[in-house]
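Subject: Structure handover

Hello,

Here is the structure I promised to pass on. Please open it alongside this note, as my findings follow below.

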There are 2 protein chains.
Amino acid sequence: MKRTIYIANKPLDEAKRLWRQALIENGFFAQSPVESVKVDDCLGRLTAAPVYALTSSPSYNAAAMDGIAVHFEDLAGASDTAPVRLQKGRYQPVNTGNALPPGFNAVVMIEDVHQLSETEVELAMPATPWQHVRTIGEDIVATELILPEGHRIRPIDQGAMLAAGVTEIMVKRNPKAVVIPTGGELIQPGEPAKPGLIVEFNSRILAGSLREWGADAHRANPVADDPQSLRQVILAATRENDIVILNAGASAGTKDFTAMVLADLGRIMVHGVAIKPGKPVILAIVNNTPVIGLPGYPVSALLTLRLFVREMIAGFLGMEDPAPRIIEATMSRPLHSSMGVDQFVRVTLGNVGGTLMATPSGKGAGAVMSLVRADGILTIPAGSEGVGAGEKVAIELVRPKVEVDSTLVFIGSHDNILDLIANRLHRKRPIIRISSAHVGSMGGIMAIRRNEAHLAGCHLLDEETGEYNISFIKRFLPALPLRLINLCYRQQGLIVQKNNPKNIKSFADISENGLLFINRQAGAGTRLLTDKILRETGIAPDRIRGYAHEEYTHMSVAAAVASGAVDTGMGILAAAKALDLDFIPVAEERYDLIIPEQFIGDPKMMALLELMESNEAFHQEILALGGYDLRDCGKIMYRQ
Amino acid sequence: MKRTIYIANKPLDEAKRLWRQALIENGFFAQSPVESVKVDDCLGRLTAAPVYALTSSPSYNAAAMDGIAVHFEDLAGASDTAPVRLQKGRYQPVNTGNALPPGFNAVVMIEDVHQLSETEVELAMPATPWQHVRTIGEDIVATELILPEGHRIRPIDQGAMLAAGVTEIMVKRNPKAVVIPTGGELIQPGEPAKPGLIVEFNSRILAGSLREWGADAHRANPVADDPQSLRQVILAATRENDIVILNAGASAGTKDFTAMVLADLGRIMVHGVAIKPGKPVILAIVNNTPVIGLPGYPVSALLTLRLFVREMIAGFLGMEDPAPRIIEATMSRPLHSSMGVDQFVRVTLGNVGGTLMATPSGKGAGAVMSLVRADGILTIPAGSEGVGAGEKVAIELVRPKVEVDSTLVFIGSHDNILDLIANRLHRKRPIIRISSAHVGSMGGIMAIRRNEAHLAGCHLLDEETGEYNISFIKRFLPALPLRLINLCYRQQGLIVQKNNPKNIKSFADISENGLLFINRQAGAGTRLLTDKILRETGIAPDRIRGYAHEEYTHMSVAAAVASGAVDTGMGILAAAKALDLDFIPVAEERYDLIIPEQFIGDPKMMALLELMESNEAFHQEILALGGYDLRDCGKIMYRQ
């Protein structure tokens with residue numbers, strides 16, 4: 001079988017230019033299809049033509065107040081001292097909105113009417129012509145422009161059109177788009193999972209995003225990766241849709257027939273763009289219809305969809321692509337990027353002491369959670385080798401700025417309690433979010449030092465004093481006013497497979513039996529604990545297989561054990577319990593939060609501290625995880 | 001029949017406090033109803049509980065690249081000079097996403113594989129353990145928090161949940177709301193109009209707005225204004241809904257039974273708030289259910305809905321009311337306000353030379369077009385008597401700021417061509433809008449002088465020179481670099497009823513026969529023309545009935561004639577033609593645009609100038625209106 005592994009590396013600008021040209025040549029933007037809809041059903045649609053008033057509003061002279069209709073001439077000279085009396089007939093009661101009776105030319109409001117009897121009133125003020133009368137067309141004059149072409153219709157616009165006698169209008173038809181998942185390995189959500197099978201969720205992300213951008217998008221059933229099926233499905237899709245999205249089959253695997261089939265059915269304009277992620281994207285025209293082959297990884301697929309398809313939808317509708325919301329932020333850590341490749345990095349943002357800090361929200365094209373957590377997208381252009389820590393960068397926001405400003409930025413050692421805190425704070429005040437980067441205890445201290453975080457989680461044992469955290473603070477944060485507040489005491493130990501099949505009891509068992517270990521990164525409190533134990537027990541690190549393979553969180557260590565990739569790793573009981581693994585206790589350690597004094601008064605922080613000090617349900621929820629002791633939770637352990 | 005004309009005048013803060021307290025006492029915010037939905041159907045909903053991962057993603061060790069699975073140990077020491085050969089069995093081809101075959105522990109990407117034969121490969125680099133392998137849980141670890149409670153679900157969140165094995169979740173149930181129009185005068189859109197009948201469009205505006213704020217809102221059939229029907233409908237509505245909106249019947253007309261019925265069925269917490277518009281609003285509790293009686297005018301109804309109901313929906317869903325987008329602007333003209341009343345003023349905004357200028361978008365509680373045009377809402381608090389021209393004010397935006405910044409601000413004399421320009425510019429570049437305030441030619445010149453507009457429309461005849469506009473510019477804008485560019489020549493004349501039943505041929509006929517005239521405001525070019533003709537023909541203004549009644553646009557003059565409220569008024573042929581009226585020509589006049597030099601290079605202005613100079617279809621469209629001559633359209637008439 002031939003493998004199509006030759007994918008070009010076109011610069012993004014060049015790829016966009018070629019694609020736009022192909023779309024223009026195939027009349028994609030010139031179609032401007034329209035459809036007629038009732039005004040009652042047009043909310044959110046775009047007008048396809050200007051809407052002019054058919055009738056005036058009001059369409060008759062109407063009382064603008066509750067009161068009586070009069071002839072203004074009758075009240076000439078009326079005053080407190082010389083009131084005028086009118087008999088029924090020369091006045092007539094009217095309510096707001098009533099037609100002014102013929103011949104009458106003013107309204108006196110009810111508050112100014114002295115009703116003498118059923119048939120007589122007394123009035124103490126003159127009236128002006130047409131006072132308190134809404135004359136024909138006061139609001140809308142027939143033939144007046146109500147809405148221009150290309151206007152997105154709001155509820156108030158519906159009201160105005162109906163008021164102007166317009167009940168049906170022409171709107172732009174949204175482009176029809178279909179998302180076709182490809183690959184025999186796909187299963188539907190809820191179907192039983194097996195190694196090698198993948199839940200088909202990409203099409204939901206892609207179709208949902210297309211809808212948000214204005215397309216009438218639907219998902220097709222997955223198609224097997226064979227040329228004949230692909231041919232049939234693609235041809236049928238181009239007949240019924242304005243935009244066809246294939247996912248995946250864009251890369252160079254043994255079963256990626258997409259490019260072959262597209263080249264056969266139509267013309268491939270671009271295959272391979274110098275972007276990361278998203279390189280293997282295919283842009284093709286089949287049957288005068290754009291067909292986009294997206295890479296298989298969710299992050300790559302969504303980012304390339306944003307890059308190439310969002311502006312197609314806007315153009316189809318005759319709209320300008322909405323300008324991205326760009327803000328300036330400061331990178332919290334360096335990021336390397338390949339020259340010659342436009343790289344797109346998902347970042348979380350946090351406003352720390354007035355500076356907006358940007359931190360990558362996760363790596364890997366498959367990391368869908370990195371997009372869930374992302375506040376923005378950083379583009380590192382092809383001409384750059386990367387950005388340095390502290391460098392100013394432009395970020396495209398994907399979340400409202402107000403949410404970013406309401407984010408507590410946590411950087412430091414990972415603990416499962418952080419998820420519980422995030423959830424409880426969000427529930428209490430939905431705008432509060434916690435963005436947490438798990439870079440270990442020393443990483444947290446350094447982040448505080450660089451003013452990149454509101455708080456850091458830390459469990460660093462000073463072997464000399466036997467005290468946790470304080471000596472490290474004195475050394476690395478000597479001048480900073482701060483509080484060290486205890487979150488918990490917790491069990492650390494060896495996470496092993498269910499029923500401990502390798503019968504691991506200590507590090508000695510690992511080294512003696514050549515078992516595969518997974519380590520935590522340098523600077524992690526758990527790493528210091530591991531190294532201390534190895535030193536104390538006289539085991540050289542190079543006697544531990546896998547010592548060099550580092551993970552960043554307790555949960556990823558536990559996951560590596562659960563997958564069978566490794567035999568054991570150091571972590572907390574909660575992580576072992578979450579994945580139904582066994583746990584060999586090694587030590588209890590103290591886990592504290594470092595909070596600079598300047599952030600203590602922040603309402604977000606106060607909500608957090610209140611939660612720790614006094615929320616009984618929260619404490620019970622933590623204890624239920626197992627391996628925790630909350631005897632000092634919320635207590636100030638040190639202050640400077 | 002008793003008329004309930006006693007409406008209180010509660011301060012807004014006090015009314016809000018009472019209402020909130022009543023809602024809390026009746027458990028409105030404590031209900032937090034939830035419902036279960038499939039993840040595929042949950043887009044845009046709010047999570048009712050945290051969502052945790054049920055399975056890990058990937059759920060097996062997966063190839064992260066297309067290539068071959070290997071044992072990393074086999075490649076120890078491999079290099080260009082000492083490549084390693086592997087036989088099938090010690091390697092296995094894998095595509096991205098495939099499960100790593102049992103026993104294998106690394107992947108070499110296809111680009112680095114030298115295929116020697118069907119069964120043998122050569123590799124020139126060592127591999128590290130687990131390279132190009134996505135290990136179990138690399139993206140999502142089972143038990144990990146995917147989404148906190150109270151999170152609004154996006155497409156990417158759906159993808160993450162499905163990736164984590166979650167197919168059904170609990171979401172918050174949106175509050176059910178019903179909008180009940182009341183009044184026997186209501187007809188449905190499309191039904192034949194008659195004096196006294198009103199098209200029922202308010203419920204569309206109100207229900208649409210409630211939906212935008214998160215309610216599950218529907219419209220009920222209109223109810224006649226009689227106590228028995230109202231009783232039944234209100235009682236039934238409170239049993240089936242979380243929020244009941246009545247519109248109208250809140251004021252003091254003879255048929256406003258709403259307050260009476262509500263007092264009988266439940267408890268009225270507030271009737272009458274010191275706000276303008278919206279004063280007669282009723283806030284009541286019936287059957288533990290909030291019932292809000294809104295005033296009948298569309299602007300009053302929508303503004304009171306915003307004031308009292310938007311935050312109810314947010315509270316019901318456990319969300320904070322989204323913070324209004326407040327920006328600072330400068331008032332272009334003074335606005336008076338009553339002490340003791342919170343007044344809400346709809347304004348249009350325009351960025352003129354870096355200053356955001358705010359101008360009221362229309363007056364009158366019935367002016368639905370003032371809301372269609374509005375960019376923001378200005379609140380003049382109860383303690384203030386108004387704001388002065390040039391004063392800084394805080395405006396709540398109701399339209400995206402980017403649209404405000406793309407608005408060409410036109411102030412000056414009205415001409416129907418402006419609608420055509422607005423529409424063509426919007427069609428060409430949908431973000432460009434024209435905000436036009438029709439205050440007459442002198443008003444336009446003054447607005448340019450105060451730097452409040454990008455351009456002004458002007459047709460002021462200097463009687464001494466016989467020249468249009470230039471002498472006024474020299475007098476009032478002496479130092480400002482600007483261009484005077486012709487838009488058109490146009491017919492001015494007397495607009496009279498169809499077939500001219502009063503046989504009007506001149507102003508003399510009006511004064512001699514005591515006919516009713518409608519005038520234009522002081523400073524309008526049409527007013528100057530009127531006054532000039534009266535002077536030339538020796539007719540004293542007090543001989544013209546209605547001379548003191550002023551309208552601001554040609555169309556409103558024509559509408560007054562069409563309604564029969566007046567017999568005639570001065571205006572342009574286009575306005576007469578639009579309403580099928582007759583027209584007695586009086587003079588051709590020149591209509592120019594004044595454009596300060598600093599705005600000539602603005603892309604919005606360039607689009608406008610290009611349209612005037614060279615767009616043939618646009619010219620044809622104008623000529624079709626009648627009464628126009630475009631011989632100088634786009635020509636610079638004067639420059640300084």
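In this predicted model, Val70(A) stands opposite Ala106(A), a residue of S7(A). The two strands involved are S4 (residues 67–70) of chain A and S7(A), and four bridges pair them in the antiparallel sense. They belong to an open sheet of three strands in chain A, with the order S6-S4-S7 and antiparallel pairing. Its edge strands are S6 (92–94) and S7 (106–109) of chain A, each pairing on one side only. On average, neighbouring strands of this sheet are turned by 40 degrees against each other, direction ignored.

Next, the contact between the chains.

Chain A puts 98 residues into this contact and chain B puts in 99. On the side of chain A that touches chain B, several elements each supply at least two residues. Among them are strand S11 (145–147), helix H3 (202–212), helix H6 (298–308) and helix H10 (417–428) of chain A. H2(A) gives the most to that side of chain A, with eight residues. By class, the side of chain A that touches chain B has 50 nonpolar, 32 polar and 16 charged residues.

H10(A) also packs on another helix of its chain. The axes of H10(A) and helix H18 (residues 603–614) of chain A come within 10 Å and cross at roughly 115 degrees. The crossing of H10(A) with H18(A) is right-handed. From H10(A), the residues in contact are Ile421(A), Arg424(A), Leu425(A) and Lys428(A). H18(A) meets them with Ala607(A), Leu608(A) and Leu611(A). This contact of H10(A) with H18(A) has five nonpolar, no polar and two charged residues.

Now chain B, starting with a helix pair.

Helix H4 (residues 227–240) and helix H5 (residues 258–265) of chain B have axes that come within 10 Å and cross at roughly 55 degrees. H4(B) and H5(B) are therefore oblique to each other. Their crossing is right-handed. H4(B) makes the contact through Pro227(B), Leu230(B), Arg231(B), Ile234(B) and Leu235(B). H5(B) brings Thr258(B), Met260(B), Val261(B) and Leu265(B). By class, the contact of H4(B) with H5(B) has seven nonpolar, one polar and one charged residues.

Last, look at strand S24 (residues 342–352) of chain B. How many of the 11 residues of S24(B) are buried? The count is 10, so S24(B) is largely enclosed by the rest of the structure.

The pairings of S24(B) are as follows:

- Strand S19 (residues 275–276) of chain B runs parallel to S24(B), joined by two bridges. Here Ile275(B) stands opposite Asp342(B).
- Strand S26 (residues 376–380) of chain B runs antiparallel to S24(B), joined by five bridges. Gln343(B) has Ile380(B) in S26(B) as its bridge partner.
- Strand S25 (residues 355–360) of chain B pairs with S24(B) in the antiparallel sense over six bridges. Val347(B) stands opposite Pro360(B) in S25(B).

S24(B) and S25(B) also form a hairpin, with two residues between them. In the turn, Gly353(B) has a positive phi of about 60 degrees.

Best wishes

Notes
Residues are numbered from 1 along each chain as its sequence is written. Chains are lettered from A and ligands numbered from 1 in the order in which they are written. This is a predicted model: local features need pLDDT of at least 70, side-chain atom pairs count only at pLDDT 80 or more; totals for chains, interfaces and linings use all residues. Two residues are in contact if their C-beta atoms, placed from the backbone, lie within 7 Å. Ala, Val, Leu, Ile, Met, Phe, Trp, Tyr, Cys and Pro count as nonpolar, Asp, Glu, Lys and Arg as charged, and the others, Gly among them, as polar. Two strands pair if DSSP finds at least two bridges between them. Axes are lines fitted to C-alpha atoms, for helices over the stretch in contact, and angles run from 0 to 180 degrees between N-to-C directions. Angles under 35 degrees count as roughly parallel, over 145 as roughly antiparallel, 65 to 115 as roughly perpendicular and the rest as oblique. A crossing is left-handed if the near helix is turned anticlockwise from the far one by less than a right angle, and right-handed if clockwise. A residue is buried if 20 or more other C-beta atoms lie within 10 Å of its own, exposed if 12 or fewer, and partly exposed in between; C-beta atoms are placed from the backbone.
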